[in-house]
Amino acid sequence: MTDTAPWTPDGLSTRLAGDRTVVWASPHVAARVAARWSFPHVQALDAVPPHAEWVVVVGGGTRIDAAKLWRYDTGRRIGLVAVPSLWGSGAEVSPVAVGPGVTKRIVVDPTLVPEARVLWPELADSVPAERVRWACGDAWAHAVEGFLSPLADDAVRADGAALLARLLALPLDRDARWFEASAAACALQARASVGLVHGLAHVLEPRLAAVGDPRADHARLCATLLDPVLAFDLAQSPKAAAHFARYGVDLEAVLAIAAALRDDETLRALRPHVDAVWPDVVRDRCTRTNAASVRASSRDALLAGWPA
């Protein structure tokens, strides 16, 4: 059973037995984690011993999703505690897990949600400023696409409007409140869906990674793609603007955030890749639930606002 309230680092120490708990932590925080908790560490999930009853996974969304999929695929009856080292993905509360590969593997199952999560804001202190900003953009993409999703009902949109107002009060910068806001954004989109921002990111990320392009970062892609995709949605679907108006969301303020997250240099570099993979983007499962319909002929409308 999932504990919806986050644990504290000290709370984790008192709740779990040290002889039946192992930690799988990202290298950049492993030393700090080892200094805080005495649980043994494993270097790979395949090394989790048979007697272990809990795995504490510490890191970003990719690492948390990997632990979720490992448990799902192996069928291990083992508890999972997620400790995000940065906000953005919301993987610690999500029934969705995304796996690596040229074609992103996306699994949706309620059993993927970790049993507990730990709120340890200080882990983000050493994260570079640009990654912090991208993480904010990732959370914004979840919130906006969940709010606008055609699968959202009145309750989701009402909650989404309240969440967007909450995000507008946060800076695009380091702030511990982003951990809970990000988790709320992920939980919101899980009740509906995401759209073209994520469809593009899922297709572009492995293509860029294959050639060693540093832009192959999910949060970075979502952050900079939010502005052009939101402009596309508003131009192609009258319902998009109507949703903002109906639920009292300050659209101009949201557009200002999207514009602040936009990176023209990245968009310019992505443009030829979008041209090359557009058929795959159109077929992506996230694209199919975009606020505005996306077809083969939609590429020019999307790219119209991109830098040449």
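A cavity here is a set of points, on a 1 Å grid over the protein atoms alone, where a 1.4 Å probe fits but cannot get out; lining residues have an atom within 4 Å of a point. Grid points are joined across faces, edges and corners, and a volume is the space filled by probe spheres set on the points.

Before you start clicking: this is a predicted model, where local features need pLDDT of at least 70, side-chain atom pairs count only at pLDDT 80 or more, and totals for chains, interfaces and linings use all residues. Numbering runs from 1 along each chain as its sequence is written, and side-chain values use heavy atoms, with hydrogens and water left out.

**Stop one.** Select Pro6, Pro84, Glu92, Arg117, Val118, Leu119, Phe179 and Glu180, which line the second largest cavity. About 40 Å³ of space sits inside.

**Stop two.** Now pick Val144, Glu145, Leu148, Asp233 and Asn290, the closest to the centre of the largest cavity among its 13 lining residues. That cavity holds about 70 Å³. Colour α8 next: four lining residues, the largest share, come from this helix (helices are DSSP runs of H or I, at least four residues; strands are E, at least two; both numbered from the N terminus).

**Stop three.** Show the open sheet, four strands in the order β1-β2-β3-β6 with parallel pairing (strands pair if DSSP finds at least two bridges between them). At its edges are β1 (21-25) and β6 (116-117). Zoom in on β2 (54-59) and β3 (79-84), joined by six bridges; valine 56 has valine 81 of β3 as its bridge partner.

Conventions
On a 1 Å grid over the protein atoms alone, a cavity is a set of points where a 1.4 Å probe fits but cannot get out, and a pocket is an open set with protein on both sides within 12 Å along at least five of seven lines; lining residues have an atom within 4 Å of a point.
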